[in-house]
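User: I'm new to this structure and would like a close look at a single part. Could you pick one spot and walk me through it, then show me what else is around?

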Amino acid sequence: MRLFSKNLVLLMALTLCILPQNDVAAFSEQQITRGAYGDDVIELQARLQYLGFYKSKIDGQFGYNTYWAVRNFQEKYGLPIDGVAGAKTKKALAGYSDYDEAWVKAQLKAGHQFTYFGGVPLEQQVKKNTASNNKQAKKDSGSSNQNGTKTQLPPKYSERDLQLIANAVYGESRGEPYEGQVAVAAVILNRLESPDFPNTISGIIFQPLAFTAVADGQIWLEPNQRAKEAVIDAMNGWDPSENALYYFNPKTATSKWIWSRPQIKQIGEHIFCS
Amino acid sequence: MRTLLVILTLGVIGLGAYGINVHKDNQNLQRAVLAQYTDKLTDASEKLSHLQQSVSKSLLFRDEQAIHNELDSVWRLSSEVRSSLSNIPIGQEMSSEWLNYLGRLGDEAKNTAKSGDYQAWREKMPQVSNNLQSLSDEWTAATVDFYKHNGNMDVWLQQADDTKSNTTFTNVQKTLKGYGEKDFPLTLSESDWQKKIELKALQDAVITEKEALERVKTLFPVIQDATFTVAKSSDTAPYPFYHIQFHQGIRLGYVDITEKGGHILSYLVERPVDEAKLSQDEILAMAQEHLKKLDMKDVAFVESRENHQAWHVTFARKHPKDNALIYADGVQLKLAKDTGELLGVNAMEYVQEETIKPQVAKPIDWPTFFDQDVRVEEVKEIYTDNGQFEQRLCYEVIAFRDGDRPETFRVVIDAEHHNVLKVEYLT
């Protein structure tokens, strides 16, 4: 039995050596592991799913689900088990699997639910959005980039949080410098940590009288990429407001109370206070 | 002339009909919103009274189960009143006072249920119960006018904006503030936490504006020829710092640097980023290089996240004695995907530096701690907040549960008492 296992590993290693070189070129030459994102990860997930190792959604994010799938693949094909998709792993994967890049990317871009298992006709693996929920799908994938890859956020935040805060940032401060936009996002996140405010992002943003953009409807404008980048930076810890809980525009503020708050700094048109 | 008159008349009639329609729509909308506000107000007022009764009831029993039920009610009701109050337009200050008071009451109930320290609860709560009763009465009197709005939103908004003293509404606010400070004073841990975020521990010499600028140019040579605008933080800021904005070619950004000691709090550059050219390994190696240049040598890698323009890489300070990572002393770097240029540093937490009390780590038998289909993949020692502003030595476990859809969890367990502080679902 042991001899058989040894031979099997030897056979697999031999197979890896004779795999056609052009298949490796399908991937980029980059070594990727947890934290990576983008086209290479989409291909990695699709190929792993083709072979049945990856069962989660193909989303272009190298998280733990992808990591375990890579490890399982490496174990089965006699490769060093490290969860890293390096040259050898990519070469083996490209040799044993198939990847229809155009089809996968088209599904991601359209926001369809799909899988990419080998041996099953592709048309049976896609659940297309109907006309009525197409708009919703587009809205839900609002934080995706052009190829449909979602944004990678710290685990405590969701795509919905990103979308909501980006709407607030864009509605409140789209004419402000980038620093000012990050600061507005940071104020919302600081409120989440403070006992003086509701304990959800939506509760904070939609608290009556809290944000002008909610009152005048500008919160419903589609945020641009810059506003989203600002929120991502704030979610990753940047706080140009220096722990502020409030901000106001001195030219337009009507509340007398806001002037009584201890001020910290001014960025663009906004004064930030605690 | 006659035709023109007919067209004009029809136009006026059309506009009038449209105007009436819009007005009707607005009225309907306002009524719907007012109905929601009134509902939430009524809900808050009723539950406030139930909350007071629950606090009183919790003082009736010596039986643990009976006390637990009431503590649970106090926690649930305080959370529900919070939610209702945060959905009515009552002005930021009043809202904050309410949410704070109710949140602290709920937390106290939750912590008592957890710790079993019923004696402290019994000593404190009779006064809180009395205060809640008078708050509830004052609140009822103050909000009577809200029910007389006759479909008019202005009543709400006038109340919210009214800063004149001695109205019943502003009296509630004052009472709340007084009770909040008396009933739930800051704990020692909270006070330490407050001092930490206000950088009270910084005792370094004050640097001048010029010195701050020189330091920025040394640490970030890429912007040494930029045009700078330096401003000092407001006098009322909890800690003084220099706010330095810069502009150099395609780069636009800022640096905040403390006045005491010239510690970098944060740095952020905005510039166009080209297509990614560097591998993940190269980016991480460059991040380590950037840290060395920033003189942050006591940190270790925690995690990295790639997005379409940049990588965010997180590091945390290593405890000098046991090498456990202190997550609260984190540093975040932002690196451009095209060249690996440092686009941002966030060192606020690193500058705040935690004071860690000595603690012991008692081993855990993982097969008996987790369910049988759970596999422990990785264990490391870390220091993290226990939710009560204390840094605890913990085991951070990456646990894996196999099945049709394999699942991964990050579990944080107090290394001494073995209570679970955090469970995160990882994808």
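Analyst: Let's start with A:Gln49, which sits in helix 2 (residues 39-50) of chain A. Keep in mind that this is a predicted model. Is A:Gln49 buried or exposed? A:Gln49 counts as buried because it has 24 C-beta neighbours inside 10 Å, and 20 or more is what a residue needs for that label. Leaving out residues up to four places away in sequence, A:Gln49 touches A:Tyr54, A:Ile58, A:Thr115, A:Tyr116 and A:Phe117. There's also A:Ala69, 20 residues apart from A:Gln49 along the chain, with 8.6 Å between the two C-alpha atoms.

Now for the strands. Chain A has an open sheet of three strands in the order 3-5-4, paired antiparallel. Strand 3 (246-248) and strand 4 are the edge strands, each pairing on one side only. On average, neighbouring strands in this sheet are turned by 25° against each other, direction ignored. Strand 4 and strand 5 (residues 270-273) of chain A run antiparallel and are joined by four bridges. As for A:Gln263, its bridge partner in strand 5 of chain A is A:Cys273.

Then there's the partner chain: 47 residues of chain A are in contact with 53 residues of chain B. On the chain A side, the elements giving two or more residues are helix 3 (64-76), helix 8 (178-193), helix 11 (225-235) and strand 4 (263-267). That side divides into 20 nonpolar, 18 polar and nine charged residues.

Note on methods
Residues numbered from 1 in each chain as written. Chains lettered and ligands numbered in written order. Predicted model: local features only at pLDDT ≥ 70, side-chain atom pairs only at ≥ 80, totals over all residues. Contact = placed C-beta atoms within 7 Å. Nonpolar A, V, L, I, M, F, W, Y, C, P; charged D, E, K, R; others polar. Buried ≥ 20, exposed ≤ 12 C-beta atoms within 10 Å, placed from the backbone. Pairing = 2+ DSSP bridges. Axes fitted to C-alpha atoms, helices over the stretch in contact; angles between N-to-C directions.
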